[in-house]
Amino acid sequence: MTHKILIADDEPNILISLEYLMKREAYDVSVARDGQDAIDVILRERPHLVLLDVMMPRKTGFEVCQEVRANEQIKDTLILMLTAKGRETDAAKGLALGANAYLTKPFSTKELVSRVREMLERTP
Amino acid sequence: MKLDRRRLLATLLPGLVLVTWTGLVLALVGATLADTERAALGALLESRAALVLLLGLVLAGGLGWGVSRLYRDRVEAPARLLEEAQILLAGDVHRELGAQGSAENRGLTRAINDLVAQREQLRGDVEARVREASHRIEQEKSRLAALMSELTQSVVVCSLDGRIILYNNRARMQFRALSEAPAVAGGAELMGLGRSIYTVFDRKLIAHALESVRQRMQRDAASPSAQFVTTTRAGQLLRVQMAPVRASTVDADSAAITGFVLMLDNITRELEDESARDRLLQGLTEGSRSSLANMQAALDMLEYPDLDAAMRERFQAVIRDETAVMSRRIQDLVASSTEGLKTRWPMEDMLGTDLVAAVLRRIEVVHQLPCSAVDLDASLWLRVDSFSLLQALLYLAGRLLDEFKVRHVDLRLAAAGERAHLDLIWSDQVMSTETVMGWEMDPMKIGSETTPLTVRDVVERHGGAFWFERERVRHQAFFRFLLPLANPHEQLGIAGLGRSDSRPEYYDFDLFQASSQARELADRKLSELSYTVFDTETTGLDPSNGDEIIQIGAVRIVNGKLLRQEGFEQLVDPGRDIPAASIPIHGIQPDMVRGQPTIDKVLPAFHAFAEDTVLVAHNAAFDMRFLQLKEQQTGVRFDQPVLDTLLLSALVHPSQESHGLEAIAERFNVTVIGRHTAMGDAMVTAEVFLRLLPLLAEKGIHTLGQARDAAQKTYYARLKY
């Protein structure tokens, strides 16, 4: 089956690449441009995995993460956090708030692809 | 006289005894004889009567003389000696007693004289030692005070109940910055001897710090100090270090604390700088990260060989866009805050003229190059690392001398907006700009001494700039240093210090001893109270008909000492005209009060200045009426006890005709300076008040309550007549 993926980032310059990349990897891709938008799409589309940026308007990635984990319907959504916040403390915070993985910008797209594949394969 | 009569009696006594004896013998012998025998004896004696009488007289006289001598030597002389010894014993008189009377008496006198001499010598020794000791203590105190005043850190010493015992100049400046009404009270309402530190710091905060200091002392920690950071009411951030003042070593309990030392650091600016730097750094890293991520992802996509032309163009656009974003970011960063990113170097505030004077001296000593100052702005305070700057100037002057045989240089200092220009000037020689600007990059060499630093390093250390300019018209050229100025708050503090030549009264160790118990104010001794002695200048005499205060001056008396440095002096904009007739009295022209704060700004500041003190004024009723009429408008009530030097003077010198301030001052020999300025009058009133205190004590008036009652009585008494 085709996995659904949501890309949540407010920067069009990364969205364009990620969207192209994930589509190429044959995922069913949707995008969100801020935190609230991301929540709405997750509730509507029920993606298997979310590529979640931390610094977003309306709601930060941290807040989105918390809300997802707190909501029974969507709490099993896989979350891969992407962030320009490079400090260890930020990574620890993301993981503590429920992210499954954490990638610091800039990252190589190969690594991203392999992390996404791993995460999706690990869960049935 | 009494003594004389006794001596007379003593002299006559042998004669009387002789007469009595002879009479008795005659009578007794006569009674045993027959009539014939008696007649025969009578005849016998009659013929020799003259002889017998003569013998009797000689005997009586001789014996009388002897007894009189005896009396003089054995009775009178010891009595006199006794009296004189008693005088010597009672008083501080020292005089040699004359030896008289018997040998024993004379010996006794000599012994007493020796004892007195011995006593005097001992007394002199003790006095000398006391003098020496107190001189030493005084010396130590002033050494400590001098040391404290030179410290670049703020230091405040408090007694255990939080009263300020000692503070230094730096603390004074810092508290000026903390003041909520800096323009009016200038921090004097916060920092003053005997004032409570709790007006600045939360009592609980101090208590907590003291507690942890105590704990550390009990654990025998090497340095039992505590640290805390706190915000003040004026929103400043202070880092405070507390160290205990221990009880003197003689006390058995070594853990006893008698007070504490606070070392203050205003870290508001530091923190602002730091957070600005943090923001910059964060903006730089986070922003760059996402830009890099965007470019990296786009680049990765571009590597796919099967990319169609449209997508390729879009990814290339992303890269172009992000490159532009990053360039812009770097540009902004450089423009906004090169200073913020510099490593900070310990800078000091220095009076510009001091720096110039030091440079002039060094250039003349090191290079024997004549050097003078031109156009110095003496008001400028620089924030510099004076040593490296001095070296840079020395180095440049040296190269000018060596390579161009310059015969004279000048130094110039001028303000330039937020910064200052410091110029090294010489008369123009043929030299290329490239040559001299090359000096900026060479390691500085002064004589045989080389430093790895360059002029550019020194300039960057100051966040400044350095260039070379020509003034063709004047045939001059100069190097210009653009240097930072010192923080304006602290400049003001330094400049405002010149009020008095005498040594500043920044400490009062006697406050350590002052009892902390809060007794009823009325029962407190006059000598141990704190006073605010003040005077107002007004537009006229009638506040209820629109007359207003135009100046308030006040000084403090703490622990019986007049604190000249802790004054309050403020002109007030009365919001009305100043009658021309009053101007000769107070000397305040209308343009002097223009732009000054109004009474609703000044009174709260004055109220804070006078907090916890007794108000003293000459003819206080007059000044108090002005203050009380403003209560509604300003919302501050002056409900402190008030003493009036006019009434107190009437109390101690009831028969004097005048109790005007001038008359009293003359009576007490108080030098009157600046009479009829509020500050001048307050100062005179304070001096008068201090001289009144002992006179009141002589009249049995020791407490505030007694003074007020007694003054009331004179007041009513005066009203009756």
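Colleague: Which residues in α3(B) meet which residues in α4(B)?

Modeller: This is a predicted model, and in it the α3(B) side of the contact is made up of Arg74(B), Ala77(B), Pro78(B), Leu81(B), Ala85(B), Leu88(B) and Leu89(B), which meet Glu104(B), Asn105(B), Leu108(B), Thr109(B), Ile112(B), Val116(B) and Arg119(B) in α4(B).

Colleague: And by class, what has the contact of α3(B) with α4(B) got?

Modeller: Nine of the residues in that contact are nonpolar, two are polar and three are charged.

Colleague: Are the two helices, α3(B) and α4(B), roughly parallel or roughly antiparallel?

Modeller: Their axes come within 10 Å and cross at roughly 5°, and since angles under 35 degrees count as roughly parallel, α3(B) and α4(B) are therefore roughly parallel to each other.

Colleague: Switching to cavities, how many of 30 Å³ or more are there?

Modeller: The count comes to one cavity of 30 Å³ or more, and the space in the largest cavity is about 40 Å³.

Colleague: Which residues line the largest cavity?

Modeller: The lining consists of Ala77(B), Arg80(B), Leu81(B), Glu84(B), Gly98(B), Gln100(B), Asn105(B) and Thr109(B), and by class these divide into two nonpolar, four polar and two charged residues.

Colleague: Where does the largest share of that lining come from?

Modeller: It comes from α3(B), with four residues, although α3 (49–90) and α4 (103–150) of chain B each supply at least two residues of the lining.

Definitions and conventions: Residues are numbered from 1 along each chain as its sequence is written. Chains are lettered from A and ligands numbered from 1 in the order in which they are written. This is a predicted model: local features need pLDDT of at least 70, side-chain atom pairs count only at pLDDT 80 or more; totals for chains, interfaces and linings use all residues. Side-chain values use heavy atoms; hydrogens and water are left out. On a 1 Å grid over the protein atoms alone, a cavity is a set of points where a 1.4 Å probe fits but cannot get out, and a pocket is an open set with protein on both sides within 12 Å along at least five of seven lines; lining residues have an atom within 4 Å of a point. Grid points are joined across faces, edges and corners, and a volume is the space filled by probe spheres set on the points. Ala, Val, Leu, Ile, Met, Phe, Trp, Tyr, Cys and Pro count as nonpolar, Asp, Glu, Lys and Arg as charged, and the others, Gly among them, as polar. Axes are lines fitted to C-alpha atoms, for helices over the stretch in contact, and angles run from 0 to 180 degrees between N-to-C directions. Angles under 35 degrees count as roughly parallel, over 145 as roughly antiparallel, 65 to 115 as roughly perpendicular and the rest as oblique. Contact means heavy atoms within 4.5 Å.
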